[in-house]
Amino acid sequence: MPLPTPRGKKPVALHTRVLRLVLSGLMGALLVVSKQAMSGLPNLEPVSLLIILFALELPRETPGAITVFILLQGVLYGFGLWWVMYLYVWYLLALLAWLLRRMDNAFFWAVFSGLYGLCFGGLCAAVYLFAKTPAFALSWWLSGLSYDALHGVGNFVLMLLLYHPLRRALQMAKKQLRF
């Protein structure tokens, strides 16, 4: 039974809304599990890859998935100052990917993902501008540049290798779900 909607809007069945909510939760859980599976490797994680692909193929469910991911990361590791960084870096990545959604080129997305990984520490250091001092933020960012470089290279390689197969898989899943 469709729910009432504003004028001019197509009614969306309740089961579709529930399906989208459940899908967001599952996507968020996938982000956590995939990160945990690769946690033994320094700054090599598929989270950036998955968030970009989610933003491209399932943009309505992506904010919910990111929210689930961030909350579960806080539960697993504690809600410290590092957690505040997650409140904007992952949403920013999804927004940038969505804004660039017309691009369908694995190399473009590999470069984009690599650059985002390289800039990750700088984006995270912004918290320390407010919580500590600009000098602290700069030293924190500079001390982590080698990890940011690994993060960038890892993001680039994962995206280059997995962009096409994972994007096709998401497109096929969308067709089956009739989204």
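Colleague: Which residue forms a salt bridge with Glu57, the closest N and O atoms being 2.5 Å apart?

Modeller: This is a predicted model, where local features need pLDDT of at least 70, side-chain atom pairs count only at pLDDT 80 or more, and totals for chains, interfaces and linings use all residues. Residues are numbered from 1 along each chain as its sequence is written, and side-chain values use heavy atoms, with hydrogens and water left out. A salt bridge needs a side-chain nitrogen of Lys or Arg within 4 Å of a carboxyl oxygen of Asp or Glu. At 2.5 Å between N and O, the partner of Glu57 is Arg167.

Colleague: How many residues apart are Glu57 and Arg167?

Modeller: Glu57 sits in helix H2 and Arg167 in helix H7. Helices here are DSSP runs (H or I, at least four residues), numbered from the N terminus. The pair links distant parts of the chain, and the separation is 110 residues.

Colleague: Is Glu57 buried or exposed?

Modeller: Buried means under 20% relative accessible area, exposed means over 50%, and partly exposed lies in between (1.4 Å probe, protein chains only). Glu57 has 6% relative accessibility, so Glu57 counts as buried.

Colleague: Which residue forms a salt bridge with Glu57 at 3.1 Å?

Modeller: The 3.1 Å is the gap between the closest N and O atoms. This partner lies in helix H7, 117 residues from Glu57. Shared partners also join Glu57, Asp104, Arg167 and Lys174 into one network. The residue at 3.1 Å is Lys174.

Colleague: Which residue meets Glu61 in a salt bridge?

Modeller: Glu61 is in the loop between H2 and helix H3 (62–77), and its partner is in helix H1, 41 residues apart. Glu61 is buried, because its relative accessibility is 2%. At 2.4 Å, N to O, the partner is Arg20.

Colleague: What is the volume of the largest pocket?

Modeller: A pocket is found on a 1 Å grid over the protein atoms alone: it is an open set of points where a 1.4 Å probe fits, with protein on both sides within 12 Å along at least five of seven lines, and lining residues have an atom within 4 Å of a point. Points are joined across faces, edges and corners, and a volume is the space filled by probe spheres set on them. For the largest pocket, that gives about 540 Å³.

Colleague: Which helix gives the largest share of the lining of the largest pocket?

Modeller: The lining has 22 residues, with Lys35, Asn43, Tyr86, Phe120 and His151 nearest the centre. H1, H4, H5, H6 and H7 each supply at least two residues. The largest share, four residues, comes from H4.

Colleague: How many nonpolar residues are in the lining of the second largest pocket?

Modeller: The second largest pocket holds about 190 Å³ of space. Of its 14 lining residues, the closest to the centre are Met27, Leu30, Phe54, Leu58 and Leu170. Ala, Val, Leu, Ile, Met, Phe, Trp, Tyr, Cys and Pro count as nonpolar, Asp, Glu, Lys and Arg as charged, and the others, Gly among them, as polar. The lining has no polar residues and one charged residue, and its nonpolar count is 13.

Colleague: Where is Met103?

Modeller: Met103 is partly exposed, with a relative accessible area of 34%. Its place is the loop between H4 and H5.
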